[in-house]
Amino acid sequence: LKKRAQEILSTIIHRLAQSTASEITTTSVSIPSDDIKGKIIGKEGRNIRAFEQAAGVELIVDDTPGMIVISSFDPIRRQIARLALENLVLDGRIQPAKIEEFIKQAQDEIHQIVKEKGEQAAYEVGVFNMDPRLVTILGRLYFRTSYGQNVLQHSIEMAHLAGMLAEELGADVSVAKEGALLHDIGKALDHEVQGTHVEIGIRMLQKFGARESVVIAMKSHHDDYPHGSIEAVIVQVCDMISGARPGARRDTVENYL
């Protein structure tokens with residue numbers, strides 16, 4: 001029970017905040033000269049306030065030479081802010097109206113990256129005929145980490161493993177692969193959505209017309225539901241293999257040994 005409690009707590013923490021290591025919560029942006037810092041702050045701080053409000057992040061402008069730090073627990077917001085800030089610095093016209101325009105452009109660009117990453121992941125593991133909206137949501141996992149492990153990479157790795165295991169066991173390869181690829185799709189949505197990431201994942205798959213066999217395959221990877229098929233067991237096993245291999249997740253050497 002104590003172990004289960006720790007698992008539940010760590011899952012919830014990671015859905016909201018990720019690891020508290022600085023490289024997980026901040027992104028550094030290099031700037032060509034420190035004179036730009038004054039422009040970014042603006043008269044009485046109006047530019048920095050406009051940027052923080054539009055991007056939903058915190059900008060840390062301190063004495064560190066040639067650098068501005070973007071701080072946020074949401075990795076997608078950080079990427080949008082990084083892109084917008086880099087483009088603003090290149091443009092040089094830093095003012096509230098331009099800030100909003102560049103953040104809107106960055107949002108569109110990051111959305112395109114998310115879409116492409118989802119499509120690449122599905123193509124790489126040979127999972128086709130998924131609803132395009134589901135593919136885009138899958139792509140959001142490219143910017144998510146769990147214990148320092150990239151969630152999209154983890155899902156791709158699992159899908160490859162699941163396909164091989166299913167072949168060996170004579171199970172349905174396409175169901176095992178798709179179940180593995182989509183097992184953590186619930187983590188792509190933020191903490192505003194109620195429910196565990198497994199429950200959110202089930203609702204999303206049902207909403208976007210995934211096969212029932214795929215839903216059964218993914219829903220028991222944390223023992224939340226009884227294993228309804230051999231593919232469900234395969235998905236859980238692959239989750240454990242991918243997460244537990246040395247170097248996959250952020251851990252201390254002492255702990256691992």
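**Labels and their cut-offs**

Guide: The side chain of Thr27 makes a polar contact of 2.9 Å with the side chain of Arg78. Please keep in mind that this is a predicted model, where local features need pLDDT of at least 70, side-chain atom pairs count only at pLDDT 80 or more, and totals for chains, interfaces and linings use all residues. Residues are numbered from 1 along each chain as its sequence is written, and side-chain values use heavy atoms, with hydrogens and water left out.

Visitor: What makes the pair of Thr27 and Arg78 a polar contact?
Guide: A polar contact is a pair of N or O atoms within 3.5 Å; within protein, one must be able to donate a hydrogen and the other to accept it, and residues adjacent in sequence count only if both atoms are side-chain atoms. Thr27 and Arg78 are joined at 2.9 Å, so the pair falls within the 3.5 Å limit.

Visitor: Why is Thr27 called buried?
Guide: Buried means under 20% relative accessible area, exposed over 50%, and partly exposed in between, with a 1.4 Å probe and protein chains only. Thr27 has 12% relative accessibility, so Thr27 counts as buried.

Visitor: Which residues touch Thr27, leaving aside its neighbours within four places in sequence?
Guide: Thr27 is in contact (heavy atoms within 4.5 Å) with Ile68, Val69, Ile70, Arg78 and Arg82, those neighbours left aside.

Visitor: What about helix α4: which of its residues are buried?
Guide: In α4, residues 46-55, the buried residues are Asn47, Ile48, Ala50, Phe51 and Ala55. Seen down the axis of α4, these fall within an arc of 160 degrees, so they line one face of the helix; the arc is that of the directions from the helix axis to the C-beta atoms. On the other side of α4, Arg49 and Gln53 are exposed.

Visitor: Why is His222 called partly exposed?
Guide: His222 has 28% relative accessibility, so it counts as partly exposed. His222 lies in the loop between α11 (212-218) and α12, and its side chain has a polar contact of 3.4 Å with the side chain of His197.

Visitor: Why is Glu44 called exposed?
Guide: Glu44 has a relative accessible area of 71%, so the label is exposed. Its place is in the loop between α3 and α4. Phi of Glu44 is near 55 degrees, a positive value in a residue other than glycine. Most residues other than glycine have a negative phi.

Visitor: And what makes Asn129 exposed?
Guide: At 83% relative accessibility, Asn129 counts as exposed. Asn129 is in the loop between α6 and α7, and has a positive phi of about 65 degrees although it is not a glycine.

Conventions:
Helix = DSSP H or I, 4+ residues; strand = E, 2+ residues; numbered from the N terminus.
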